[in-house]
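Student: I would like to learn how to read a few features of a model. Where do we begin?

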Amino acid sequence: MMEENRSHFKLCNQMQLQEFPDKFVIKSTDSEHPGYGFSIDRFDGIIQTQIDDSCLEAPMKESTIYGVVGTIRLLAGTYILIITSHEEVGSYLDFPIFRVKSMKFLSCNEALKLSTSQEKKDEAYFMSLLRTVEATPGLYFSYETDLTLNLQRTCKLPQGRMSKPLWKQADPRFVWNRSLLEELIEFKLDAFSMPLIQGSFQTVEFVVKTSRIQFTLLSRRCMRRIGTRMWRRGANLEGDVANFVETEQLLEFEGCRSSFLQIRGSIPLLWEQIVDLSYKPQVNIISHEETPKVVERHFLDLTQRYEEVMVVDLTDKQGDEGQLSAAFAAEMQKLPHIRYVSFDFHDCCGSANFDNLRLLYDQISVDFEKQG
């Protein structure tokens, strides 16, 4: 383990952005990657990995940046997304973790001047969408470790994996900027190819008697079927569910580490909620011959990734949710190898009666103990 740590891959963690009339130049200024960098043409977005400093005049502007999130091509050119500010929020497996505070798109679309008025209009609309991307909340990263893999999976991987670029180590399900990284990866700019996760991260340290304990909660949002609440519900035909999140509870104590995983996601049936002016839009369960296969695919994927899985259904047992819960329970009866527990959270714990969670725990405590 010590040998692996000595050879683990590190991203560039100190970078300088130089702005010239015809190109942007991004260079590493850390001791790990001296002289490493690339340029991107401001007219056509073409990347060059060889930088001849002797041919460069003084830049119009220089600034410090903290990461390259990736590139995206729109109608009239390329845009490159960079991290302009960040903050350290703690550590994970002894490596510092950072939260993105601000990002900015750099335009490499001088060709837009030659576009038609309609193309300029379209580009302006796409740029308004990119502005919302710049403000995406809950993005975290590390320069030295892969945040997409939980400790349980990491311990099963072969020695030497940490010497690979972070994007190669990462689970693509949880890489928020996977599509944005494609061009950087194509040009083998591994030390700039920074995987970001979207979710939450919090860590605390405290002392019990004389022992120091670190307690960390890390949530990773899956990118396979994303969308806002109400607009994105249920599963697709491949069995991927909306708003799937893996939460890891990591306890570190006197050199020992304990990881407990909880996963959540939309009920894996084919269903939707058509958003209207009502407070709670009506649930529509889609009748489809593939539904049993969808549920089966979903849980096959989960058991392959997480081994033993127990399902806790917290939906109401009345109204629209009751119909959804009944349909889900009927499908779960076809999967006897998956334990399914139905608990009407609203009925049992409404009005903040959280002491009644004991009723749920009594049903699942044996499974908790069996899983360790």
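**A buried glutamine, a sheet and a helix pair**

Tutor: Gln18 lies in strand β1 (residues 15-19); helices (H or I, at least four residues) and strands (E, at least two) are DSSP runs, numbered from the N terminus. This is a predicted model, in which local features need pLDDT of at least 70, side-chain atom pairs count only at pLDDT 80 or more, and totals for chains, interfaces and linings use all residues. Residues are numbered from 1 along each chain as its sequence is written, and side-chain values use heavy atoms, leaving out hydrogens and water.

Student: Is Gln18 buried or exposed?

Tutor: Buried means under 20% relative accessible area, exposed over 50%, partly exposed in between (1.4 Å probe, protein chains only). Gln18 has 7%, so Gln18 is buried.

Student: In what order do the eight strands of the open sheet run?

Tutor: Two strands pair if DSSP finds at least two bridges between them. Here the order is β6-β7-β8-β9-β10-β11-β12-β13, with antiparallel pairing. The edge strands, β6 (67-74) and β13 (256-264), each pair on one side only. Within the sheet, β11 (residues 211-221) and β12 (residues 245-253) pair over nine bridges, and Ile213 stands opposite Phe253 in β12.

Student: At what angle do the axes of α6 and α7 cross?

Tutor: Axes are lines fitted to C-alpha atoms, for helices over the stretch in contact, and angles run from 0 to 180 degrees between N-to-C directions. The axes of α6 (residues 291-306) and α7 (residues 319-332) come within 10 Å and cross at roughly 75 degrees. Angles under 35 degrees count as roughly parallel, over 145 as roughly antiparallel, 65 to 115 as roughly perpendicular and the rest as oblique. Therefore α6 and α7 are roughly perpendicular to each other.
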